[in-house]
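Open your viewer and get ready to select side chains.

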Amino acid sequence: MHCCPERVRNFCPVRQKRPDVGLSFTLSICAQDERPQLWPPRPRRIPRLYHLGFTNLLLRSHSDLNLTNQSAVDAFFAAEKPQFVILAGAKVGGIHANATFPADFIAVNLQIQTNVIDSAHRHGVTKLLFLGSSCIYPKFAPQPIPESALLTGPFEPTNKWYAVAKIAGIKMCQAYRIQYGWDAISAIPTNLYGPNDNFHPENSHVLPALVRRFHEAKVSGVKEVVVWGTGSPLREFLHADDLADAVVFLLERYSGLGHVNVGSGKEVTIKELAELVKEVVGFEGDLIWDASKPDGTPRKLMDSSMLAGLGWVPKISLRDGLVDTYKWYVENVKQ
Amino acid sequence: MEGPNSDSSTLDKSAKIFVAGHRGLVGSAVVRRLHHLGFTNLLLRSHSDLDLTHQSAVDAFFASEKPQFVILAAAKVGGIHANATFPADFISVNLQIQTNVIDSAHRHGVAKLLFLGSSCIYPKFAPQPIPESALLTGPLEPTNEWYAVAKIAGIKMCQAYRIQYGWDAISAMPTNLYGPNDNFHPENSHVLPALVRRFHEAKVSGAKEVVVWGTGSPLREFLHVDDLADAVVFLLERYSGFVHVNVGSGKEVTVKELAELVKEVVGFEGDLIWDTSKPDGTPRKLMDSSMLAGLGWFPKISLRDGLVDTYKWYVENVKQ
């Protein structure tokens with residue numbers, strides 16, 4: 001869900017000539033005998049919608065539809081007229097990318113959002129779901145972080161450009177609902193992991209980074225893996241398939257003004273995570289902690305009680321999710 | 001009314017300057033000021049000639065015109081009622097204008113861009129006087145959060161372009177403005193022009209009294225738009241910093257003092273009555289403009305002189 005085209009191209013299955021679905025995909029629920037509109041070719045990984053039997057997914061790669069191009073987006077919506085839109089297209093990246101390319105992070109995301117939301121509304125889309133990120137919340141938000149924490153304090157400086165753009169997207173959805181009575185909702189996932197993640201050695205997040213490092217250590221036969229910090233910070237993770245399930249759930253059942261946190265509600269310490277990854281990967285050497293290095297934020301957990309109150313809970317345990325992720329990694333990431 | 005800050009400018013008088021929003025309160029004042037200083041090459045486009053929400057039109061415009069400077073004063077603006085009724089317009093039109101102009105300006109070699117915001121970007125409960133550092137430290141005033149979110153995104157875009165490209169984009173945040181070309185609409189104007197209109201109409205119709213809501217005790221800051229225009233040129237010439245700049249007068253008046261002054265300037269001789277059963281609004285709103293003062297800029301137009309000028313414009317231009 002959070003793959004940008006560049007990252008997806010790196011890790012896409014060798015068989016496919018085109019990048020996997022990296023940008024927004026739309027769907028229309030149609031009669032069963034209607035010819036499915038699938039283009040480019042069906043992604044290798046079966047997304048939740050296919051699993052549920054939706055046959056009319058509208059998918060466009062970046063090279064076929066540049067979402068930052070207002071007239072192209074508008075022409076697309078005018079021609080295709082999807083019923084639903086799931087806006088997962090975004091420019092994403094880690095700390096270093098945000099620091100180096102802040103203009104891209106804020107401008108590209110603002111353009112994608114304003115173009116898609118505005119054209120979707122204008123061309124009769126019934127409902128739109130916008131995906132955000134937990135980084136929209138203030139750096140010192142109360143933990144667990146409730147939806148109400150939005151805009152109550154300063155951002156984490158390393159991703160403020162992206163955060164500003166995402167908040168504007170949430171606010172646009174709310175504004176369109178108020179002015180037009182249009183059904184636009186926002187979902188805010190916690191840290192995600194799973195197939196198609198970014199496993200780049202330098203700019204991936206902690207979970208995929210650990211998977212890669214333990215795997216490479218196992219394969220190369222080294223004696224130990226050194227991880228920065230004490231391992232004590234608490235983090236929350238959600239498998240992307242759980243997130244996809246929540247997206248469909250919200251699309252079906254939620255039409256509220258407030259954005260919705262989508263988390264697992266389960267915390268682990270980085271130490272527990274690292275030990276679990278080590279076990280799943282099967283690395284038999286030592287796991288050493290370099291406590292001289294920084295730990296990062298002590299705790300980051302989203303309050304997903306609103307979503308739980310609607311009746312959705314995640315299904316994939318961290319262990320099962322890691323097994324699935326590692327399997328995908330071994331099969332798909334160039335070694 | 002001419003700002004007497006300086007009658008010269010260090011900028012090249014033949015420089016091509018695009019003033020986006022040249023018909024509005026701010027844009028028209030900026031154009032007046034630039035003309036007064038002798039700038040001869042102003043690029044002006046009305047909404048019907050160039051729709052700034054239209055990305056390809058904006059890009060084609062910049063590609064063919066290639067201005068050196070851009071003053072981005074174009075925006076969708078309005079009061080509490082308008083924001084509440086048309087929030088989608090307020091956030092998306094302003095986001096579109098901003099992303100289109102800032103991005104195309106950068107792409108087509110504009111040397112410097114100045115983005116104009118509003119004091120409503122600051123949190124509802126910001127410390128008073130409000131320093132630039134108060135930005136994004138707390139919740140926004142709900143009645144204008146749509147507009148505020150868009151304006152904040154504009155400030156952040158300018159900063160982001162400076163960091164990534166070393167491009168000279170700055171932001172100026174004015175306090176409450178007043179002056180020629182303001183909105184004097186009976187239902188949705190701000191407090192100062194509303195008072196001007198009401199006292200004028202009372203004078204002309206021979207009414208015995210004018211009733212104003214509240215106690216008159218809230219403190220407010222006002223800046224004549226010609227002073228703002230002068231500050232805009234000043235910043236364009238001399239400021240290339242990362243941080244947005246507050247542009248205020250630094251002078252507070254109570255709403256009571258304001259009403260009494262307007263009554264006097266307009267020449268209404270009836271009574272001014274306060275309906276204290278009605279709400280007052282925010283107790284105090286004053287921007288901290290010490291950063292701009294430190295750069296060497298100060299406003300020149302007193303509230304009295306500014307009101308005289310404004311009332312004169314009103315009588316001559318607003319259909320009675």
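Start in chain A. Select Lys91(A) and Phe105(A): the lysine lies over the face of the phenylalanine, 5.4 Å from the ring centre. A charge sits over a ring if NZ of Lys or CZ of Arg is within 6 Å of the ring centre and within 35 degrees of the ring normal.

Go to chain B for Lys76(B). Lys76(B) lies over the face of Phe90(B), at 5.3 Å from the ring centre.

A word on what you see. This is a predicted model: local features need pLDDT of at least 70, side-chain atom pairs count only at pLDDT 80 or more, and totals for chains, interfaces and linings use all residues. Residues are numbered from 1 along each chain as its sequence is written, chains are lettered from A and ligands numbered from 1 in the order in which they are written, and side-chain values use heavy atoms, without hydrogens and water.

Now for ring pairs. Rings of Phe, Tyr and Trp (its six-membered ring) pair if their centres lie within 6.5 Å; planes under 30 degrees apart are stacked, over 60 edge-to-face, the rest tilted. Over all chains, the count is 14 aromatic pairs. Select Phe61(B) and Phe62(B): their centres are 5.5 Å apart and their planes at 85°, so the pair is edge-to-face. Phe62(B) is buried, at 0% relative accessible area (buried is under 20%, exposed over 50%, partly exposed in between; 1.4 Å probe, protein chains only).

Next, select Tyr161(B) and Tyr165(B). This pair is tilted, with 5.5 Å between centres and 50° between planes. Tyr161(B) is buried at 1%, whereas Tyr165(B) is partly exposed at 38%.

Finish in chain A: Tyr176(A), Tyr180(A) and Trp182(A) form one aromatic cluster.
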